[in-house]
Amino acid sequence: MKKYIIANWKSQKNTAQVANWFQQFPKDKASKNLLQIFELIIAVPYPLIPLAQSSIEERQLPIKLAAQDLSAFGPGAFTGEVCPENLEAMSVEYAILGHSERRRFLKESSQLIADKIKEASRGKIKAILCVDRPYWQEQARLLASADLENSLLAYEPASAIGSGRAESVEELSLVKQELQEIYSASMPFIYGGSVNAGNVEDYLTLCDGAIIGTASLDALEFVDLLYHASKAVKE
Ligand code: PGA
């Protein structure tokens with residue numbers, strides 16, 4: 001299984017900045033080969049998905065797209081919501097669900113997140129389920145293993161996100177065991193929270209992937225991170 005690298009742009013970037021990110025992306029063969037090593041995914045704000053999609057296609061980059069949320073309701077009269085059918089034409093394969101920023105600022109509950117996971121599964125979108133200690137038990141109780149069949153499990157400690165204080169690898173290894181008991185050992189286990197070029201190799205050695213927020217915003221910084229991440233991947 002390829003290791004996952006998931007860039008999470010959050011609610012950042014405008015049209016010009018997305019175009020610029022792809023323009024800056026190195027075009028040489030070695031850089032393209034570097035991308036092939038990973039299951040590389042970018043979570044783009046909804047309105048910018050078509051631009052990201054056409055930029056990826058134009059440059060023939062092995063990059064997949066993720067949404068940063070998904071409706072819990074399916075198609076219908078739900079103003080403001082985006083369901084899998086809305087995303088179909090844009091080749092979106094993944095969705096980050098349950099991110100702690102949405103719990104905090106949008107007051108998302110474990111029940112709502114469970115409903116979104118079920119919707120993702122109905123719509124053939126692979127969910128990247130984010131969890132943290134205060135609610136990971138409650139979240140697991142609301143989901144059956146069938147709901148999680150195509151999902152990835154991302155441990156995202158709120159204290160580590162955007163703070164520069166990444167979880168220690170020792171602590172993460174304990175959390176991994178605990179979470180695999182609560183959820184399943186067969187779900188890819190991802191870590192997110194202040195991952196950067198300096199620490200990504202350690203996290204990828206222990207985990208099946210990483211979510212990268214801040215360090216994915218600049219294309220050249222992100223390529224540098226990929227180079228460091230590749231050291232954790234055995235040929
Ligand atoms: P960060 O964000 O890399 O900026 O800490 C990670 C995340 O929110 O998933």
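The following dialogue goes through the terms applied to this predicted model and the values behind them.

Biologist: Which residues are around the ligand, and what makes a residue count as near a molecule?

Modeller: A residue is near if one of its heavy atoms lies within 4 Å of the molecule. The residues around the ligand are Lys 10, His 99, Glu 156, Ala 160, Ile 161, Gly 162, Gly 193, Ser 194, Ile 211, Ile 212, Gly 213 and Thr 214.

Biologist: How is that shell divided by class?

Modeller: The shell has four nonpolar, six polar and two charged residues. In this scheme Ala, Val, Leu, Ile, Met, Phe, Trp, Tyr, Cys and Pro are nonpolar, Asp, Glu, Lys and Arg are charged, and the others, Gly among them, are polar.

Biologist: What makes an atom pair a polar contact?

Modeller: The pair must be N or O atoms within 3.5 Å; within protein, one must be able to donate a hydrogen and the other to accept it, and residues adjacent in sequence count only if both atoms are side-chain atoms. A polar side-chain atom of Lys 10 lies 2.7 Å from an oxygen atom of the ligand. Polar backbone atoms also take part: one of Gly 162 is 2.7 Å from a ligand oxygen, and one of Gly 213 is 2.9 Å from a ligand oxygen.

Biologist: How much of the ligand's area does the protein bury?

Modeller: Taken alone, the ligand exposes 280 Å², and the protein buries 98% of that. Accessible areas come from the Shrake-Rupley method with a 1.4 Å probe; for residues, only the protein chains shown count as cover.

Biologist: How many aromatic pairs are there, and what is the rule?

Modeller: The count comes to ten aromatic pairs. Rings of Phe, Tyr and Trp (its six-membered ring) pair if their centres lie within 6.5 Å; planes under 30 degrees apart are stacked, over 60 edge-to-face, and the rest tilted. Phe 73 and Phe 78 form a stacked pair, at 4.8 Å centre to centre and 15° between the planes.

Biologist: Why are Phe 73 and Phe 78 called partly exposed?

Modeller: Buried means under 20% relative accessible area and exposed over 50%, with partly exposed in between (1.4 Å probe, protein chains only). Phe 73 has 49% relative accessibility, so Phe 73 is partly exposed. Phe 78, at 33%, is therefore partly exposed too.

Biologist: Why is the pair of Tyr 191 and Tyr 203 called stacked?

Modeller: The ring centres are 4.6 Å apart and the planes are at 25°, so the pair is stacked. The pair links distant parts of the chain, with Tyr 191 in strand β7 (residues 189-192) and Tyr 203 in helix α9 (residues 200-206), twelve residues apart. Helices (H or I, at least four residues) and strands (E, at least two) are DSSP runs, numbered from the N terminus. Tyr 191 has a relative accessible area of 0% and is therefore buried; Tyr 203, with 4%, is buried.

Biologist: Which residues form an aromatic cluster?

Modeller: Trp 9, Trp 21, Phe 22, Phe 25 and Phe 222 form one.

Biologist: What makes a charge sit over a ring?

Modeller: NZ of Lys or CZ of Arg must be within 6 Å of the ring centre and within 35 degrees of the ring normal. Arg 103 lies over the face of Tyr 135, 3.4 Å from the ring centre. The charged end of Lys 126 sits over the ring of Tyr 94, 4.8 Å from its centre.

Biologist: Which side chain does Gln 139 contact, and is Gln 139 buried or exposed?

Modeller: A polar contact of 2.9 Å joins the side chains of Gln 139 and Arg 103. Gln 139 is in helix α7 (residues 136-141), and its relative accessibility is 0%, so Gln 139 is buried.

Methods: Residues numbered from 1 in each chain as written. Predicted model: local features only at pLDDT ≥ 70, side-chain atom pairs only at ≥ 80, totals over all residues. Heavy atoms only, no water.
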